[in-house]
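Let's work through a few exercises together. Have a look at the model first, then try each task before you read its solution.

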Amino acid sequence: MRAGIAIDNWKFSIFERRLQQAGYSFERADGLTKDAMILSVTTDNVEALGEVVKAANTEAAKTGAPQ
């Protein structure tokens, strides 16, 4: 199954690291705006992927967008 994750471009390094550490493969595509992207992730377990996404979002919130 493929799942799509929409993120702001500045969050990419966090999501890339978290997804790779969890063993997910993904493809990067343009988002709806110039400041966003879509990550297309291959998974058999959407719930487990959701936990990785939640952790990445939490880390990004603590880090904050670069100025």
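Two strands pair if DSSP finds at least two bridges between them. Helices (H or I, at least four residues) and strands (E, at least two) are DSSP runs, numbered from the N terminus. This is a predicted model, where local features need pLDDT of at least 70, side-chain atom pairs count only at pLDDT 80 or more, and totals for chains, interfaces and linings use all residues. Residues are numbered from 1 along each chain as its sequence is written, and side-chain values use heavy atoms, with hydrogens and water left out.

**Exercise 1. Work out the order of the strands in the sheet.**

Step 1: start with strand 2 and strand 3, which pair in the antiparallel sense over five bridges. A hairpin of five residues takes you from one to the other.

Step 2: You get an open sheet of three strands in the order 1-3-2, with antiparallel pairing. Strand 1 (2–8) and strand 2 are the edges, each pairing on one side only. On average, neighbouring strands are turned by 25° against each other, direction ignored. (For angles like this, axes are lines fitted to C-alpha atoms, for helices over the stretch in contact, and angles run from 0 to 180 degrees between N-to-C directions.)

**Exercise 2. Find which residues stand opposite each other across the strands.**

Step 1: Ala3 faces Val41 of strand 3, Gly4 has Ser40 as its bridge partner, and Ala6 sits opposite Ile38.

A handy reminder: strands of a sheet pair through backbone hydrogen bonds, either parallel or antiparallel.

**Exercise 3. Sort the strand residues by covered and uncovered face.**

Step 1: recall that in a regular strand the side chains alternate between the two faces of the sheet.

Step 2: Met37, Leu39 and Val41 are on the covered face, with Ala36, Ile38, Ser40 and Thr42 on the uncovered one.

Step 3: check strand 2. It's hardly covered, as the count of buried residues among its five residues is zero. (Buried means under 20% relative accessible area, exposed over 50%, partly exposed in between, with a 1.4 Å probe and protein chains only.)

**Exercise 4. Describe the surroundings of Met37.**

Step 1: Met37 is in strand 3 and counts as buried, at 2% relative accessibility.

Step 2: look at its contacts (heavy atoms within 4.5 Å). Leaving aside neighbours within four places in sequence, Met37 touches residues including Ile5, Ile7, Phe12 and Arg28.

Step 3: take one of these partners. Met37 and Ile5 are 32 residues apart in sequence and 8.2 Å apart in space, C-alpha to C-alpha.

**Exercise 5. Show where the buried residues of helix 1 point.**

Step 1: list them. They are Phe12, Ile14, Phe15 and Leu19.

Step 2: look down the axis. The buried residues fall within an arc of 160°, so they line one face of helix 1. (The arc is that of the directions from the helix axis to the C-beta atoms.)

Step 3: see what covers these residues. The cover includes strand 1, strand 2, strand 3 and helix 2 (46–63).

**Exercise 6. Classify the aromatic pair.**

Step 1: set the rule. Rings of Phe, Tyr and Trp (its six-membered ring) pair if their centres lie within 6.5 Å; planes under 30 degrees apart count as stacked, over 60 as edge-to-face and the rest as tilted.

Step 2: apply it. The rule gives one aromatic pair. The ring centres of Phe12 and Phe26 are 6.3 Å apart and the planes are at 75°, so the pair is edge-to-face.

Step 3: Phe12 is in helix 1 (residues 12–21) and Phe26 in strand 2 (residues 26–30), 14 residues apart.
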